[in-house]
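Let us walk through a protein structure step by step. Keep the 3D view open as you read.

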Amino acid sequence: MLSIHTTTQESGIVFDKQTYIPPRNINQYSFSNHFKSRLLNPHRYISINTVDKTIENGEIRYNTSDGWRFFRTIDGVGEIVIVGNIEGGDKPVLITGYSKIVDYNNAKQSTRWSDRSLNIIHLTTVLANEDSIKITDIIEETTLNKPFYIEGHKVRIPESHNVMVCTDCGLEATDKNELENNRCSTIRCWNQ
Ligand SMILES: [Zn+2]
């Protein structure tokens with residue numbers, strides 16, 4: 001099982017967050033299977049080249065939930081790379097990476113990101129824990145501008161990309177938990 005070891009955790013301490021600094025060279029890492037699958041998924045908008053630059057030049061931060069992360073903004077879109085260690089491994093590990101819209105107006109103005117790309121980046125961020133087949137289905141529906149069902153709501157992504165709006169009950173949600181925690185107030189009748 002994949003886990004991050006730091007001095008904040010009980011046993012098997014490998015990285016000391018006070019003294020350890022993850023290397024800035026991608027060649028010094030091994031890749032988790034999860035990370036490899038992310039690199040192959042076109043909907044994640046990360047590649048070996050972008051991850052390489054993020055590790056080399058990005059800001060580096062530590063937090064207790066993720067461990068070490070590198071962060072870089074590319075024309076309004078952030079790339080986040082999380083690194084850690086696997087027990088018994090002799091190299092630090094690239095655990096996961098993802099893109100996230102950090103400045104929508106900046107991203108929209110950039111020629112690097114199409115509307116479709118921004119839509120997909122937004123979706124993969126808010127649906128982070130969905131399996132990739134479902135994400136692909138949802139992306140196809142939103143490309144056709146069709147609402148999709150999630151957590152009982154009938155959801156559309158407005159132009160601003162910063163929320164999801166239920167076309168049945170009007171709920172505006174920024175992530176899937178909000179949809180889950182607020183039941184759709186529309187009761188669908190079997191006869192309609
Ligand atoms: Zn609803």
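Predicted model: local features only at pLDDT ≥ 70, side-chain atom pairs only at ≥ 80, totals over all residues.

Strand S8 covers residues 164-166. S8 pairs with S9 in the antiparallel sense, over two bridges. What holds such strands side by side? Strands of a sheet pair through backbone hydrogen bonds, and the pairing is either parallel or antiparallel.

Now widen the view. S8 and S9 belong to an open sheet of four strands. The order is S6-S7-S8-S9, and the pairing is antiparallel. Strand S6 (148-150) and strand S9 (172-173) are the edge strands. Each of these two pairs on one side only.

Next, turn to strand S5, residues 93-101. Strand S4 (residues 77-84) runs antiparallel to S5, and eight bridges join the two. Here Ile80 stands opposite Tyr98 in S5. S5 is also joined to strand S1 (residues 30-31), by two bridges. S1 and S5 run parallel. Look for Phe31: its bridge partner in S5 is Leu94.

Last comes a helix, H4, residues 115-126. How far apart are its end C-alpha atoms? They are 17 Å apart. At 1.5 Å a residue, the 12 residues of H4 should span 16 Å, so the two values agree. Which residues of H4 are buried? They are Leu118, Ile120, Ile121, His122, Leu123, Thr124 and Val126. As you trace them, recall a general rule. An α-helix has 3.6 residues a turn, so residues three or four places apart point the same way.

Notes. Residues numbered from 1 in each chain as written. Expected span 1.5 Å × (residues − 1). Buried ≥ 20, exposed ≤ 12 C-beta atoms within 10 Å, placed from the backbone. Pairing = 2+ DSSP bridges.
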